[in-house]
Amino acid sequence: MAAGRDSLYLGLDFSTQQLKAVVIDGNLNVVHQSSVQFDSELPDFRTQGGVHIHTDRLTVTSPVLMWVQVSRRFSLSPPQQHGSVFWRTGASETLKHLDPDHNLEQLLQDSFSVSDSPVWMDSSSSKQCLDLEAAAGGAERLAEITGSRGYERFTGNQIAKLRQTRPDEFMDTERISLVSSFAASLFLGGYAAIDYSDGKICLEATAPHLDQLLGAALPSTSVLGSISSYFIHRFGFSESCRVVSFTGDNPASLAGMRLQPGDIAVSLGTSDTVFLWVQNPRPALEGHVFCSPVDQEAFMALLCFKNGSLTREHISNECAGGSWEDFSAMLRETPLGNDGNIGFYFDTMEITPPAVGIHRFDSDDSEVSSFSPQVEVRALVEGQFLSRRLHAERLGYSILPGTRVLATGGASSNKEILQVLSDVFNAPVYTIDLSDSACLGSAYRALHGLLAESGVSFLDVVKNAPEPQQTTTPHPSAKQVYDGMLQRFARLEERVLQKPRP
Ligand SMILES: Nc1ncnc2c1ncn2[C@@H]1O[C@H](COP(=O)(O)OP(=O)(O)O)[C@@H](O)[C@H]1O
Ligand SMILES: O=C(CO)[C@@H](O)[C@H](O)COP(=O)(O)O
């Protein structure tokens, strides 16, 4: 299928809690949007927030057949990064010969050697992270090679853990996909390559012959092939439909927001992430460097915070009866700087920084056991954004005149939350029409994929897309309040990190 004005481009987001879809036309207009919530719409899988948290509280998985079922419902994507899918020996033959008279979960129910796929929230592979760092010659060296030191949720460490703890299942595995290449495989009717932005892994230190289990990686703009005859006959896809390489949800968001050098993106989804477009990456012990999904010469730097929306939901439930309106009113009614009260809210072991628990400090830096509901709500949101800014600055980011903060994800629909973001960063916040920039970015990438071979750049393809709109302006006193508070926050974070972990 050549790219054209009459063609449609489908982007999917297999995120933690739901699958979302966006369709655009050749003029970049959004013509359709929908979503399926895993917990409420696929109740048989009994997930909470799209996942199963195991009894050790560290292992976090999602049922692979739930993703199969939801793909069928939508009949194409950026999935959450770092989830992995283990295909059982013989599965490629099954994939090639899917009978359109049956549904996908029936056809694929025996095709996975591991039914519970590890996802990005998992933090159970610390041992494997240390082993990989040792094999690479230290954490710094690993970051130089791959863009990141050992992080528990990364697929290489999850594969190593599975190989050590479940050797029979591992031996019965013929191919390992990321959630992204797994979803593309369904549509292709054959194993899809992992795109470069997702594919950096220290192969040898993780498992023997891992290169064969993963397959060769391809540039993110690659057209992987034609849609399988199963989707043509069962769901009416056109025979000319092509599948473009799938990527992670954050790289796809970078595409959807048309992030430019100098911008900083803050995604407020299940996880909170902060990411930047970088030309000359300097991998560090904190954060990650990935290949850019839209420009083979560029990179994206990313920080991931596990306690994002779910922690905001928890405090909203406790302090505002679960009402975002009341939560927002509390933010409106409390002063910038929260009269010096600062809080750290880590319901589960945080990724950035590695700390857990709730820690509250008054204006004298004395630890206190509670705040009033209003103070608690502001302490949570200010604390989250001070942390996003502190760690982004440590990654080398600096707020300059002209800086745009581009916000996306479910909580970016909340103006009061965005006002705090704008104040803490002392920069205007911009949003796009859709809070799901990952889906939109995938649809843009689908369009670009069909043109990339002729040398057209991504930014050229999307130049006529609607511009992000300014949503909030920082308060005139924001700089004075938050520059000082950021230094206190950094000192208090150090104190939290020194505490013994439960
Ligand atoms: N008005 C709101 N204010 C604050 N948070 C919100 C609001 N609406 C939705 N959210 C949050 O958005 C989150 C979902 O964001 P989303 O980007 O769709 O996540 P994901 O892509 O990871 O599934 C929910 O967990 C919810 O807490
Ligand atoms: O692990 C990361 C990024 O490295 C997470 O950002 C996941 O990619 C989950 O995405 P959401 O479901 O929160 O959008």
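User: Which strands make up the open sheet, and why do β15 and β17 stand at its edges?

Analyst: The order is β15-β16-β17, with antiparallel pairing. β15 (342–346) and β17 (367–368) each have a single partner strand, so one side of each is left without a neighbour in the sheet.

User: How do you know that α16 packs on the sheet?

Analyst: α16 touches β15 and β16. Touching is a matter of contact: C-beta atoms, placed from the backbone, lie within 7 Å. The direction of α16 makes about 75° with that of β15.

User: Why are α16 and α17 called oblique to each other?

Analyst: Helix α16 (residues 373–394) and helix α17 (residues 415–425) pack at about 45°, with axes 9 Å apart. Axes are lines fitted to C-alpha atoms, for helices over the stretch in contact, and angles run from 0 to 180 degrees between N-to-C directions. Under 35 degrees is roughly parallel, over 145 roughly antiparallel, 65 to 115 roughly perpendicular, and the rest oblique. The angle of about 45° is therefore oblique.

User: Which residues meet there, and of what classes are they?

Analyst: Among those in α16 are Val 381 and Phe 385, and among those in α17 are Ile 417 and Leu 421. The contact has 8 nonpolar, no polar and 2 charged residues. Nonpolar means Ala, Val, Leu, Ile, Met, Phe, Trp, Tyr, Cys and Pro; charged means Asp, Glu, Lys and Arg; the others, Gly among them, are polar.

User: What surrounds ligand 1?

Analyst: 16 residues do, and the closest are Ser 15, Gly 269, Thr 270, Gly 410 and Asn 414. A residue is near if its C-beta atom, placed from the backbone, lies within 6 Å. By class, 3 are nonpolar, 11 polar and 2 charged.

User: How are things numbered, and which parts of the model count?

Analyst: Residues are numbered from 1 along each chain as its sequence is written, while chains are lettered from A and ligands numbered from 1 in the order in which they are written. As this is a predicted model, local features need pLDDT of at least 70 and side-chain atom pairs count only at pLDDT 80 or more, while totals for chains, interfaces and linings use all residues.

Conventions: Helices (H or I, at least four residues) and strands (E, at least two) are DSSP runs, numbered from the N terminus. Two residues are in contact if their C-beta atoms, placed from the backbone, lie within 7 Å. Two strands pair if DSSP finds at least two bridges between them.
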